[in-house]
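This briefing walks through the main features of one chain, topic by topic. Please keep the sequence and the model side by side while reading.

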Amino acid sequence: MISPVQLFKCLADDTRLNAILLIQQAGELCVCELMAALDDSQPKISRHLAQLRNCGLLLDERRGQWVFYRINPALPDWAHAIFEQAVTAREENLHLYQTKLTRMSDRPSC
């Protein structure tokens, strides 16, 4: 089980925090969607997603050529509550990222 210290260490990077909050909002996202929303390269986004997966915060699922990431439902309730509160606290930033996502013309379909 993840401890609060481990959780906060895993989220101590802006890219990882924003990625997990976007995934929290959307339910699931793939690397290309996070690249578009966060305006970062594929290697950087993939590296951060791997770290979040290694921390146990994310699960991934391959569907065709796409790998989708979602929050690990087995995380403790307090961790999910932290994600929800962080989404509220960063609402303005996340809105900008969501706008970029909606403008993405070639989003993968599930």
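Predicted model: local features only at pLDDT ≥ 70, side-chain atom pairs only at ≥ 80, totals over all residues.

Strand 2 and strand 3 form a hairpin with 2 residues between the strands, and within this hairpin G64 takes a positive phi near 65°.

- Strand 2 and strand 3 run antiparallel and are joined by 6 bridges, and among the residues facing each other here, L58 has I71 of strand 3 as its bridge partner, while E61 stands opposite F68 in strand 3.
- Strand 1 is likewise antiparallel to strand 3, to which 2 bridges join it, and L29 stands opposite Y69 in strand 3.

**Helix 2 and its ends**

- Helix 2 comprises 13 residues (residues 14–26) and reaches 18 Å from its first C-alpha to its last, which is close to the 18 Å expected at 1.5 Å a residue.
- At the N-terminal end, helix 2 is capped by D13, which places a side-chain oxygen 2.8 Å from the backbone nitrogen of T15.
- Just after helix 2, G27 takes a positive phi of about 95°.
- The buried residues of helix 2 include T15, R16, L17, N18 and A19, together with I20, L21, L22 and I23.

**The nonpolar core**

- The largest nonpolar core contains 35 residues, and I20, L34, L49 and L57 are those with the most contacts inside it.
- Two or more residues of this core come from each of helix 1 (4–10), helix 2, strand 1 (29–30), helix 3 (31–38), helix 4 (42–54), strand 3 (66–71), helix 5 (77–89) and helix 6 (91–102), and helix 2 gives the most, with 6 residues.
- I20, which lies in helix 2, counts as buried because its relative accessibility is 0%, under the 20% limit for that class.
- Leaving out residues up to four places away in sequence, I20 touches L11, L52, L57, L58, I71 and F83; two of these contacts, L58 and I71, are also bridge partners of each other.

**Two loop residues**

- N72 is placed in the loop between strand 3 and helix 5, and with a relative accessibility of 13% it counts as buried.
- Apart from residues up to four places away in sequence, N72 is in touch with G56, L57, L58, L59 and H80; of these, L57 and L58 are also among the residues that I20 touches.
- D39 lies in the loop between helix 3 and helix 4 and has a positive phi of about 55° although it is not a glycine.
- D39 counts as exposed because its relative accessibility is 62%, over the 50% limit for that class.
- The C-alpha atoms of D39 and I20 are separated by 15 Å, and these two residues are 19 residues apart along the chain.

Definitions and conventions:
Residues numbered from 1 in each chain as written. Heavy atoms only, no water. Helix = DSSP H or I, 4+ residues; strand = E, 2+ residues; numbered from the N terminus. Expected span 1.5 Å × (residues − 1). Buried < 20%, exposed > 50% of the residue type's maximum accessible area, 1.4 Å probe, protein only. Polar contact = N/O pair within 3.5 Å; in protein donor to acceptor, adjacent residues only side chain to side chain. Core = buried A, V, L, I, M, F, W, Y, C linked by side-chain atoms within 4.5 Å. Contact = heavy atoms within 4.5 Å. Pairing = 2+ DSSP bridges.
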